[in-house]
Structure formats: structure tokens, C-alpha cells
Amino acid sequence: MNPVVITAALTGPIATKADNPGLPTTPEEIAAAATAAYHAGAAVAHVHLRDEHGRPTADLKIARRVLDLIRDQSPILIQLSTGVGLDVPFSEREKLVELQPRMATLNPCTMSFSAGEFRNPPQGVRRLAARMKELGVKLILAHSPQAKG
């Protein structure tokens, strides 16, 4: 029998509560969703962060709060997204690994999402990968079928 690892993507970077009123966006909702996913059999929670208005954010205070709440509620592994959202600058997104989650995503290329573009500059990606290695953060390569480059 091959082992199976279930990863629950709790929020994502694009959907809003207008799309789904049950979408977890506050730190408390995200932590509760991660805990529920753990109890349903997930081993990993893929976490995107939202600000007080429900928009994607790389705010380190919000990130710390979410990480702490999840860790207090369950032993699920946390995979923090450094993708965050289309409008969050790479320079802000890369700082998230300083919180030293067990693992984080690394987007190796710039991608198109509908009419938007998700910028991941090559030098920044290399710098982020090196920093993740220094901090012992396991990197998970993320990609999209719409990826270009």
C-alpha cells in the first residue's frame, strides 16, 4: 500500500466570501478550517492569508496569528503560501518564510491568471529558495497550467 498525503487548500488567493460565504478569511476561521481538515484526515494545510477586508495579504502579524492559532489547535503541518495574491508584491511575499513555517510554496515562474499576472522574478525566486534553505523551510514547487516562461 502506498502512503497518501492529503493537503487541504483552505482559502486560495482569488475567491472571496461573495463567491462562497463559508470561505475562511479571518485568522480564527482559517485555523478552524485547518483543524477541521486535520480531523477529516488531511496531513497538510495549505494556507493563504487574508487581511481584515478579506483581501490577500503578506502581513507578518496576521501570518504569525494564523500560524499560532493553527499550531494551538492541531498538529497539522502548515504549508504557507508565498504566492499570497496577484496584487501583493514579491518583496512582501518573500518575507513570510522568516516566520519559519515547516514548509512553504515557491512559485518558480511568472503566471497568468485570467486578466491578471502573478509576478515571480527569477532573481527573487532564487533568493527566496536560498533563504528557505537557510531557514530549514521545506519548499514545495507551485505551478499553474497557465504558467508562462
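Mentor: Happy to. Let's look at strand β2, residues 44-47: V44 and H46 point one way from it, A45 and V47 point the other way, and all are buried. Buried here means under 20% relative accessible area, exposed means over 50%, and partly exposed is in between, with a 1.4 Å probe and protein chains only. In a regular strand the side chains alternate between the two faces of the sheet.

Before going further, a word on the source: this is a predicted model, in which local features need pLDDT of at least 70, side-chain atom pairs count only at pLDDT 80 or more, and totals for chains, interfaces and linings use all residues. Residues are numbered from 1 along each chain as its sequence is written, and side-chain values use heavy atoms, with hydrogens and water left out.

Now the partner of β2. Strand β1, residues 7-9, runs parallel to β2 and is joined to it by 3 bridges; two strands pair if DSSP finds at least two bridges between them. Across this pairing, T7 stands opposite V44.

With a relative accessible area of 33%, D59 is partly exposed. From D59 to I70 there are 11 residues in sequence and 17 Å in space, C-alpha to C-alpha.

The loop between α2 and β3 (77-80) holds S74. Because its relative accessibility is 8%, S74 counts as buried. Leaving aside residues up to four places away in sequence, S74 touches A34, T35 and Y38, where a contact means heavy atoms within 4.5 Å.

Finally, step back to the whole chain. There are 4 helices and 7 strands, and from the N terminus on they run β-α-β-α-β-α-β-β-β-α-β. These elements are DSSP runs numbered from the N terminus: helices are H or I with at least four residues, strands E with at least two. Of the 149 residues in the chain, 45% are buried, the group to which the four residues of β2 belong. Among contacts with a separation of 6 or more, 71% are between residues 24 or more positions apart. The C-alpha trace spans about 40 × 35 × 35 Å along its principal axes.
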